[in-house]
Amino acid sequence: MTLPILMYHQIDVPPPSGTPMRGMSVAPAVFARQMAVLAALGYRGVGLPELLPYLAGERRGKVVGLTFDDGYLNNLSEALPVLRRHGFTATCYAVSGHVGGCNDWDAANGVPQKRLMDAQALRDWCAAGMDVGAHTRHHVDLTALEPSAAREEILASRRELEALIDREVRHFCYPYGRYDSLHVDFVREAGFWSATTVRRGRAQLGDSPFELPRVLVAQATRLPQFLLKLFTGYEDRRGAR
């Protein structure tokens, strides 16, 4: 049994051609069309709290995991109304030390700066039935840090977010998809129940919940490719390379 976990970043009008990381912005109308197609095919989009029982084989059904990395404000303004229209849920991975700020970890690469959700926006996201996960404190490459610093980035991110939103934060995402077995141990130690990566492919029944692959949906992902990524071995073959 395969369970695609879609990975989005911004739901926003893409910046001009040639802009660094342009592909990480999916136009609102495109996102709305993708979600409508899922619903029309009888699928339900779900966040990690709802997806885990399917991954464990405890439940069966037509579900697709929905995740958003970094916690952009446009996830709330543009994605949330679409999700609610279809009765979908999603997990948004927030960077605890940058709540209410912007994606300044990208600034040196010339990536346009966009607002991130503040604490109230994250609470509004949760109040609408969505889930907040953790994406470290400062969106760091964990493999570039000393173990003690990496551990603090992971453990403190959960602690800080829970204090901000007054809800449990149980799901984690490795920034840039970079991690090793030590970081998996830290994620478990922090009390998380799952962790997602950027490894390409659809999750399989029985996969480790702490190294889940995902399916990237980018600016250039047109509807036929979107369907190929979800419902064929297209993405699995590329992840195996």
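Predicted model: local features only at pLDDT ≥ 70, side-chain atom pairs only at ≥ 80, totals over all residues.
Local features need pLDDT of at least 70 and side-chain atom pairs count only at pLDDT 80 or more, while totals for chains, interfaces and linings use all residues. Residues are numbered from 1 along each chain as its sequence is written, and side-chain values use heavy atoms, leaving out hydrogens and water.

**View 1. Helix 4 crosses helix 5.** Here helix 4 (residues 119-127) and helix 5 (residues 147-165) have axes that come within 9 Å and cross at roughly 80 degrees. That makes helix 4 roughly perpendicular to helix 5 (the word covers 65 to 115 degrees). On the helix 4 side, look for A119, L122, R123 and C126; they meet L161, L164 and I165 of helix 5 (contact means heavy atoms within 4.5 Å). Sorted by type, the residues of this contact are six nonpolar, no polar and one charged.

**View 2. The largest cavity.** Searching the whole structure turns up one cavity of 30 Å³ or more (on a 1 Å grid over the protein atoms alone, a set of points where a 1.4 Å probe fits but cannot get out). The largest cavity holds about 30 Å³ of space. Its lining includes L122, along with D70, G71 and V99. The lining splits into six nonpolar, one polar and one charged.

**View 3. The largest pocket.** This one has a volume of about 420 Å³ (a pocket is an open set with protein on both sides within 12 Å along at least five of seven lines, and lining residues have an atom within 4 Å of a point). Of the 29 lining residues, H9, M21, M24, D70 and D106 lie nearest the centre. Strand 6 (63-70) and strand 12 (212-216) are the elements giving two or more residues to this lining. The pocket lining comes out as 15 nonpolar, eight polar and six charged.

Key
Axes fitted to C-alpha atoms, helices over the stretch in contact; angles between N-to-C directions. Helix = DSSP H or I, 4+ residues; strand = E, 2+ residues; numbered from the N terminus. Parallel < 35°, antiparallel > 145°, perpendicular 65-115°, else oblique. Nonpolar A, V, L, I, M, F, W, Y, C, P; charged D, E, K, R; others polar. Points joined across faces, edges and corners; volume = space filled by probe spheres on them.
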